[in-house]
Amino acid sequence: MYDIERLSSKISYGSANARDLISLKNSVSQLPDLKNTLSSAQSELLSSLYKELDTLDDIFQLINISIVDDPPITIKEGGIIKKGYDDDVDRLLDVTENGKKYLLDIEAKEKEQTGIRTLRIGYNKVFGYYLEVSKSFVNMVPQDRFIRKQTLANGERYITEELKNLENEIVGAQERIVNLEYDIFSNIRNEIEKNVKRIQTSANIISKIDVLCSFANVAKSQNYCMPVVDNSNIIEIKEGRHPVIEKILDTGAFVQNDSYLDGESNRLNIITGPNMAGKSTYMRQVALITLMAQIGSFVPATEAHIGVVDKIFTRVGASDDLSMGESTFMVEMMEVASILNNATSKSLVILDEIGRGTSTYDGMSIAWAVAEYISKIKAKTLFATHYHELIKLEGTLEGTKNYHVAVKERGEDVIFLRKILEGGTDESYGVHVAKLAGVPKEVTSRANDILRGLERKSIIKDTNMTKSERQEEQGQLSMFNYKLAEIAHELDKVKLDEITPIDALNILSKIKEKMK
Amino acid sequence: MAENELQHNTVDEENVDMDKFSPMMRHYLETKEKYKDCILFYRLGDFYEMFFDDAINVSRELELTLTGKNCGQEERAPMCGVPFHAADIYINRLIEKGYKVAICEQLEDPKTAKGIVKRDVIRVVTPGTVLDDSVLEEKKNNYIMSIYKEGIYFGLAVCDISTGDFYATEIKEDNNFQKLLDEVSRYNPSEILINKMLSDSEEELKTLKQKFSSFISVKPNNIFSQNVQYIKDNMEITDVNNSEYKELDKKFLAISAINSLIYYIEDTQKEKPENLNKIVMYESTKYMSLDISARRNLELTEKMRDKSKKGTLLWVLDKTSTSMGGRLLRRWISDPLVNVADINSRLRSSKRT
């Protein structure tokens with residue numbers, strides 16, 4: 001099946017050649033079979049396409065009887081028109097192929113009729129084909145038909161009307177065929193041009209059938225399910241997969257995830273977890289499955305219930321607008337602004353790491369405020385963040401649910417399971433990602449030390465610690481102070497001008513002992 | 001990439017005595033005057049020749065040798081040329097670089113012509129009106145769009161002349177410009193015509209140029225006619241469900257955009273194309289709204305990094321066996337539906353029975 005849509009355009013612009021018409025014919029020839037196959041279709045859409053499909057039999061016929069099956073590319077050198085389509089073309093073709101034979105026929109015929117044995121046909125540039133009769137037979141020449149043209153020493157040359165007619169056909173036949181074939185071809189093309197709209201309509205139906213078949217094929221080979229699509233406010237996906245990544249990975253290697261969003265208590269999913277762990281993939285997957293359902297395709301899941309969404313917004317990672325001179329953060333905020341201004345309660349919003357482009361506290365505050373605002377709009381939202389503070393929104397901000405990426409720790413190593421589970425997390429595993437990425441061990445282990453140090457500090461500061469933790473912490477502190485007081489007392493007793501260096505060293509070693 | 005609007009100073013007419021030019025060169029200059037924004041391919045025997053700034057630009061872009069031709073003036077005119085039988089290749093390369101090419105042909109046989117051979121432009125090739133198979137992608141539409149701005153509203157017409165698809169709509173809601181950008185990204189046209197009012201809104205024009213790589217040109221107001229009769233006489237007007245559309249008379253924004261687009265196409269093709277016989281009027285609310293960043297981020301039809309198809313949703317879903325089907329699939333992915341009945345009617349077609 002060729003591109004009959006673009007072929008019909010070529011016909012409209014008068015740029016179609018004979019080969020294009022043959023392509024059209026070959027494509028159109030498949031339409032009756034296609035129509036036949038569709039006749040048993042159950043779905044309304046397919047059966048209405050079946051009814052509308054025009055098999056263009058007349059176009060097929062027209063090309064089939066007029067154009068040879070393997071025409072040349074150019075339409076200005078003849079060889080296009082089939083035998084039997086046009087009398088003039090046939091006759092001219094016949095003459096060019098058999099001209100010599102017809103001349104000999106005339107020679108033989110005249111010999112027989114006149115009884116002149118030596119009569120023969122000849123050609124010169126002055127008056128073309130002639131019949132030459134030697135002197136001794138001149139008296140036998142029929143005066144009514146033979147016209148004398150030239151007298152020679154040993155004979156006479158004549159022409160007849162029949163001979164001249166044949167000559168006219170032979171001379172220039174090639175040129176006339178080329179022109180005639182071109183004219184006939186143009187007429188056929190014009191005739192088809194009048195039917196361009198019908199061809200376009202059939203092309204249109206063929207494309208729809210093609211896409212629907214493609215959907216069905218993909219659904220089968222990729223093991224998709226038929227989603228339930230309605231006007232509810234729910235997006236519920238069971239064992240969903242990312243259509244693209246699933247296909248790039250080996251079969252079965254992709255981790256499936258469930259999703260549930262509604263306009264009420266589950267409208268804002270806050271997803272925490274380390275980078276690289278699959279948050280972005282998961283969120284895109286939900287958006288893609290929703291979109292696939294709405295273009296009428298089956299979806300990569302075992303079950304899916306999609307309430308139609310009016311808009312999908314995404315704010316994901318660094319945008320390619322970067323190259324256009326605006327700062328990342330400005331671009332990010334412009335996109336956020338556009339989302340907040342345009343999203344409705346029927347929209348699906350994907351927000352990935354809002355506020356990353358600025359300082360931690362700025363970013364976190366913005367992320368927090370955006371989450372609050374979007375919850376008011378009631379748009380179904382997936383909100384990935386590395387600000388673990390945002391997990392506190394669950395319970396306080398209406399419709400918020402926490403999710404996190406499951407992680408398995410094996411000794412020092414961490415494996416990201418790419419499974420999205422309910423509940424928040426407060427581990428970020430950034431250092432582990434660095435390790436996975438091949439950052440030298442010296443750097444990652446130093447980073448780990450710094451991280452531990454920072455964590456300890458933040459524990460001291462954190463006012464949200466449990467009571468027992470705080471008491472323990474305070475207990476350690478008072479112990480420390482007690483020791484310091486003791487040491488101070490000891491030092492106070494020492495008289496520096498009375499002791500030897502050895503004594504000093506002994507005192508120092510005692511203090512050290514106490515500090516342990 | 002060529003400048004969107006080329007600067008032409010072909011001949012400084014005030015300081016040059018036009019009478020001194022050879023007759024052929026005078027005709028060339030007259031023709032060039034009518035096609036200022038195009039590269040003029042001027043047929044001389046077995047070659048298409050270019051002169052003056054065209055010659056300088058083209059010789060640079062296509063790495064052709066720049067020579068000169070006596071034109072009656074003291075200095076020779078810069079000239080470069082390509083053989084006529086290979087012209088398509090050069091024309092296509094110029095189109096891909098974002099130029100427009102006007103082809104000026106010999107209209108009589110030089111053997112029988114008396115005096116100077118009659119020549120005229122027979123076709124203008126632009127990124128949005130190219131018909132050559134070697135430039136067009138099989139499974140991708142090549143759209144040309146016209147945007148008519150009036151106050152804060154927009155009329156929009158878009159067409160693929162290689163397939164005959166023709167759509168039009170109006171944008172009269174909130175966030176009009178944002179909606180316009182969404183619509184442009186839906187089609188991703190290779191060429192955009194705009195009216196004066198849009199080109200005067202500097203911020204909007206700047207955004208359009210930044211977000212899209214389309215060839216944008218400003219067209220005079222008179223081609224954005226509000227006369228509906230020509231459209232009605234030549235085209236069938238339908239809605240998306242292929243039923244007759246009766247509201248066109250009231251949609252003067254759309255009418256202006258449609259008229260300009262038809263005028264431009266007929267002017268470049270030098271004929272009235274028979275395959276443009278139907279206009280589909282649609283409301284953008286019939287489709288899911290996806291802004292540019294969502295389309296790009298979700299990698300629906302091209303990868304963010306290298307614009308390739310592999311690794312996109314289209315790549316996964318494309319098991320179509322015809323180019324037409326391939327193009328329609330791309331359109332369906334770009335235009336998800338919101339009407340439950342329409343969606344389910346598609347879904348039921350894939351159901352095993």
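Predicted model: local features only at pLDDT ≥ 70, side-chain atom pairs only at ≥ 80, totals over all residues.
Select strands S1 (residues 39–44) and S5 (residues 101–106) of chain B: they pair in the parallel sense over four bridges. Strands here are DSSP E runs of at least two residues, helices are H or I runs of at least four, and both are numbered from the N terminus. Pairing requires at least two DSSP bridges between two strands.

Residues are numbered from 1 along each chain as its sequence is written, while chains are lettered from A and ligands numbered from 1 in the order in which they are written.

Six bridges join S6(B) to S5(B), and the two run antiparallel. Glu105(B) stands opposite Asp120(B) there.

Zoom out to chain B. Colour domain 1 (13–125), domain 2 (127–289) and domain 3 (298–334) separately. These bounds come from an automatic or database domain assignment. The centres of domain 1 and domain 3 of chain B, taken over C-alpha atoms, are 40 Å apart.

Switch to chain A, with its 17 helices and 14 strands. Of its 516 residues, 34% are buried (20 or more other C-beta atoms within 10 Å of the residue's own; exposed means 12 or fewer, partly exposed in between; C-beta atoms are placed from the backbone).

Show S5, S9, S6 and S7 of chain A. They form an open sheet in the order S5-S9-S6-S7, with mixed pairing. S5 (228–230) and S7 (257–261) of chain A are the edges; each has a single partner strand, so one side of each lacks a neighbour in the sheet. Neighbouring strands are turned by 10 degrees against each other on average, direction ignored.

Inside the sheet, S6 (residues 235–240) and S9 (residues 303–307) of chain A pair in the antiparallel sense over four bridges. Pick Glu236(A): His305(A) in S9(A) stands opposite. Axes are lines fitted to C-alpha atoms, for helices over the stretch in contact, with angles from 0 to 180 degrees between N-to-C directions. Contact means C-beta atoms, placed from the backbone, within 7 Å.

**Where the chains meet**

Select the contact between the chains: 62 residues from chain A and 56 from chain B. On the chain A side, H9(A) gives the largest share, 16 residues. By class, that side has 29 nonpolar, 18 polar and 15 charged residues (Asp, Glu, Lys and Arg are charged; Ala, Val, Leu, Ile, Met, Phe, Trp, Tyr, Cys and Pro nonpolar; the others, Gly among them, polar).

Follow S10(A) across: it pairs with strand S14 (residues 289–290) of chain B in the parallel sense over two bridges. Ile312(A) has Leu290(B) as its bridge partner.

**The cores**

Stay on Ile312(A). Beyond neighbours within four places in sequence, its contacts include Ala287(A), Leu348(A), Met288(B) and Ala294(B). Ile312(A) is also among the residues with the most contacts inside the largest nonpolar core, which has 109 residues. Such a core is a set of buried Ala, Val, Leu, Ile, Met, Phe, Trp, Tyr and Cys residues joined through C-beta atoms within 7 Å. H9(A) gives the most to this core, eleven residues.

Finish at a second, separate core of 39 residues, including Leu156(B), Ala168(B), Tyr187(B) and Ile279(B).

Key. Contact = placed C-beta atoms within 7 Å.
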